[in-house]
Each structure stands twice: as C-alpha cells, then as structure tokens.
Amino acid sequence: MDVKEAIEKRRAFRSLEPVKITKELIHDLAECAQITASCFNNQPWQYIFVHEPKVLKQMQEALSQGNEWAHEASMIIVVLGKKDDDCIIYDRIYYRYDIGMATEAMILRATELGLVAHPIAGYSPKKTRKILSIPENIDVITLVIVGKKSDKINPDLSDKQIEAEKKRPKRKKIGEFVHFNKYGDKK
Ligand SMILES: Cc1cc2nc3c(=O)[nH]c(=O)nc-3n(C[C@H](O)[C@H](O)[C@H](O)COP(=O)(O)O)c2cc1C
C-alpha cells in the first residue's frame with residue numbers, strides 16, 4: 001500500500017470485531033512512532049499498549065457516553081506526553097504536535113495492516129490515569145481504539161455514527177483551508 005492509499009483508506013470506523021494482538025504488531029507500530037520527526041529530535045511521546053482483556057475491561061469505565069462501541073477494542077493505545085519533554089519556543093509549545101505526528105504514523109501503519117485505529121477524545125483522563133497508574137505530571141492526550149472493521153453495524157451506534165460507517169463524514173472544501181503565497185489569497 002502506498003502512502004496516499006493508506007491516507008485514503010484510514011477511517012474512524014466504529015463497528016469492530018476482535019483481532020489478535022501480538023508483540024510483533026506492537027513493536028511494528030512503536031517503530032513507526034520511533035522514527036517520526038520531532039522538534040530537536042526530542043521524541044516526547046509515550047504510549048501504553050493496553051491489550052490484556054482484564055485491563056481492557058477496566059478501561060471501559062473510562063470511556064464517555066457515545067463511545068460504547070469502543071468496548072469491542074482489541075487494543076487501546078494510550079497516548080501520553082509532557083510539555084517539558086519537547087520544544088517550548090516563546091508561546092510555541094510543540095509536544096502535542098510531535099506526538100500527533102508520531103501517532104498518525106502508527107495509525108497509517110495500522111491501516112496498512114488492515115486494522116482500524118480510531119483516535120478518541122471521549123474518555124476520562126482521570127479514570128484512565130487511575131486504572132493505568134499514570135503519574136499526575138504526564139498528560140493523557142488521546143486513546144486510539146484498535147480492532148478490525150466488522151461488516152455488522154455495532155448496535156450501540158447512533159444514526160449519525162451509522163451514517164459515518166457507510167460514508168466518510170463531509171470535509172471542508174480545500175479552498176476553505178488553503179491559501180496561496182499569502183494569507184487570504186485564494187488564487
Ligand atoms: C482527536 C480526535 C478525537 C476524536 N474523538 C472521538 C470520540 O470521542 N468518539 C468517536 O466516536 N470518534 C472520535 N473521533 C473520530 C472523528 O469523529 C472522525 O475522525 C471524524 O468524524 C472523521 O471521520 P473519518 O476519520 O472516518 O474520516 C476523534 C478523532 C480525533 C482525531
């Protein structure tokens with residue numbers, strides 16, 4: 001799969017079926033984060049790969065309403081980072097940018113491997129911290145729900161979520177976010 005194809009294939013699907021999680025898979029995904037660019041090569045990311053069924057079950061408690069579909073996760077990648085572990089250049093704080101890039105690299109690799117890797121913001125950082133013994137000074141930035149796409153629609157999904165399984169949610173037009181040569185120039 002080439003990069004453009006992986007970008008196009010990646011979708012935040014919510015109807016998941018189980019997939020076997022191996023140490024090799026986790027290592028493969030971690031390697032993709034490892035070689036991602038970062039400010040001053042600071043590599044501020046930390047990840048917890050949660051795959052033990054007992055811990056996954058505990059993590060269900062941390063999910064927000066509307067994310068019940070994520071109970072079917074075969075793995076949850078908990079994305080962590082600390083502001084001080086990366087560049088701070090006046091008001092420019094880079095850790096979330098760099099961690100986002102590393103996480104997208106993992107998501108695209110997971111896509112290439114035929115998996116769904118769906119980031120979510122709908123969770124309780126406080127509960128996640130408690131369940132996984134994450135120190136207070138480390139931010140819980142996102143959870144990435146990993147599984148295999150199921151052809152059966154998850155019965156927990158809302159109408160809007162069912163719609164999104166079938167068709168990629170609408171995007172802004174390119175002209176709404178692209179400028180040429182100076183801000184506001186659209187031609
Ligand atoms: C930071 C972030 C947080 C998100 N949070 C949730 C979430 O809590 N629950 C959910 O179902 N989807 C969540 N999504 C998925 C988006 O809704 C989805 O990416 C968007 O609707 C576009 O769909 P697509 O990724 O399939 O193209 C999140 C995505 C990102 C990047």
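Visitor: Where does His118 lie?
Guide: His118 is in strand E6, which covers residues 116-120. Keep in mind that this is a predicted model.

Visitor: Is His118 buried or exposed?
Guide: His118 counts as buried, because its relative accessibility is 4% and the cut-off for buried is under 20%.

Visitor: Which residues is His118 in contact with, leaving aside neighbours within four places in sequence?
Guide: Ala12, Phe13, Arg14, Trp69, Leu143, Val144 and Ile145. A polar atom of the His118 side chain lies 3.2 Å from the backbone oxygen of Ala12, and the side chain also reaches the backbone oxygen of Phe13 at 3.0 Å.

Visitor: Back to Phe13. What sits over its ring?
Guide: The charged end of Lys149, 4.8 Å from the centre of the Phe13 ring.

Visitor: New topic. How many aromatic pairs does the structure hold?
Guide: Two. Tyr47 and Phe49 form a tilted pair, 6.3 Å centre to centre with 45° between the planes. Tyr47 and Phe49 are both buried. In the pair of Tyr94 and Tyr97, the ring centres are 6.4 Å apart and the planes are at 85°, so that pair is edge-to-face.

Visitor: And how do Tyr94 and Tyr97 count for accessibility?
Guide: Tyr94 counts as partly exposed at 22% relative accessibility, while Tyr97 counts as exposed at 52%.

Visitor: Now helix H6. Which of its residues are buried?
Guide: In H6, residues 159-166, the buried ones are Gln161, Ala164 and Glu165. Seen down the helix axis they fall within an arc of 105°, so they line one face of H6.

Visitor: Which residues are exposed on the other side of H6?
Guide: Asp159, Lys160 and Lys166.

Methods
Residues numbered from 1 in each chain as written. Predicted model: local features only at pLDDT ≥ 70, side-chain atom pairs only at ≥ 80, totals over all residues. Heavy atoms only, no water. Buried < 20%, exposed > 50% of the residue type's maximum accessible area, 1.4 Å probe, protein only. Helix = DSSP H or I, 4+ residues; strand = E, 2+ residues; numbered from the N terminus. Arc of directions from axis to C-beta. Polar contact = N/O pair within 3.5 Å; in protein donor to acceptor, adjacent residues only side chain to side chain. Contact = heavy atoms within 4.5 Å. Phe/Tyr/Trp six-rings, centres within 6.5 Å; stacked < 30°, edge-to-face > 60°. Lys NZ or Arg CZ within 6 Å of the ring centre and 35° of its normal.
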